[in-house]
Amino acid sequence: YIKLTNGSQLAAECLFQKERKKHATVVILSGFEGYSGTKVPAFGVGVAHKAYYYGFNVIHLRQRGEGDTVRLTKSLFAADPVDDMATALQEFAHWGLKKFYLVGLSGGGWVTLFSICKLEEKIKENILGAISIAAPINFFSTWEHAKKQTLYKWLLLRIYKNLVRRRVKIDPKGTWDMEQL
């Protein structure tokens with residue numbers, strides 16, 4: 001678990017090579033698929049197994065509220081997910097890991113791209129490469145597209161409603177208006 005400044009935590013699911021300090025590390029960020037329930041997203045599992053097989057350490061960094069980590073967060077999403085990424089990378093460096101590849105899907109791809117732009121130079125120099133798959137470049141136009149597509153609208157609303165239902169169980173009473181949900 002990685003402690004954040006507001007008291008929240010991120011979960012990092014790790015697969016390390018025997019001599020982990022000698023291997024580069026692939027850091028995986030899933031997209032909205034990760035917010036739909038408690039299981040680990042298929043994207044993260046697939047990339048993790050392949051990267052580990054080819055000699056990398058692997059960390060699937062669970063973003064705030066992703067899967068079963070909702071209990072670790074004080075908010076649904078990070079106000080600035082780049083701060084979370086910077087904190088996580090600094091923590092991984094404390095573990096002795098020095099070289100990273102970032103791999104993100106959808107919303108995780110957006111965080112990956114945005115992080116590369118905003119991270120401090122001393123952190124950036126440890127990033128060997130980044131892959132961003134299907135990242136929404138403009139969230140506003142992406143949301144307008146989703147509203148017009150019945151399947152996207154149904155899927156995203158279902159994911160968000162389930163996330164709020166999970167938050168209701170751990171947040172103070174009155175935080176959420178379940179009638180409006």
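Visitor: Where is the place of serine 106?
Guide: Serine 106 sits in the loop between S5 and H3, where helices (H or I, at least four residues) and strands (E, at least two) are DSSP runs numbered from the N terminus. This is a predicted model, in which local features need pLDDT of at least 70 and side-chain atom pairs count only at pLDDT 80 or more, while totals for chains, interfaces and linings use all residues. Residues are numbered from 1 along each chain as its sequence is written, and side-chain values use heavy atoms, with hydrogens and water left out.

Visitor: What phi does serine 106 have?
Guide: Serine 106 has a positive phi of about 55 degrees, although it is not a glycine.

Visitor: Okay, the sheet: in what order do the strands come?
Guide: The open sheet has six strands in the order S1-S2-S4-S3-S5-S6, with mixed pairing; two strands pair if DSSP finds at least two bridges between them. The edge strands, each pairing on one side only, are S1 (2-3) and S6 (127-133).

Visitor: And how many bridges join S3 to S5?
Guide: Five bridges join S3 (residues 25-29) to S5 (residues 100-105), and these strands run parallel. Leucine 29 stands opposite glycine 104 in S5.

Visitor: Which residues does leucine 89 touch?
Guide: Not counting residues up to four places away in sequence, leucine 89 touches Val27, Phe100, Leu102, Leu119, Ile123 and Ile127, contact meaning heavy atoms within 4.5 Å.
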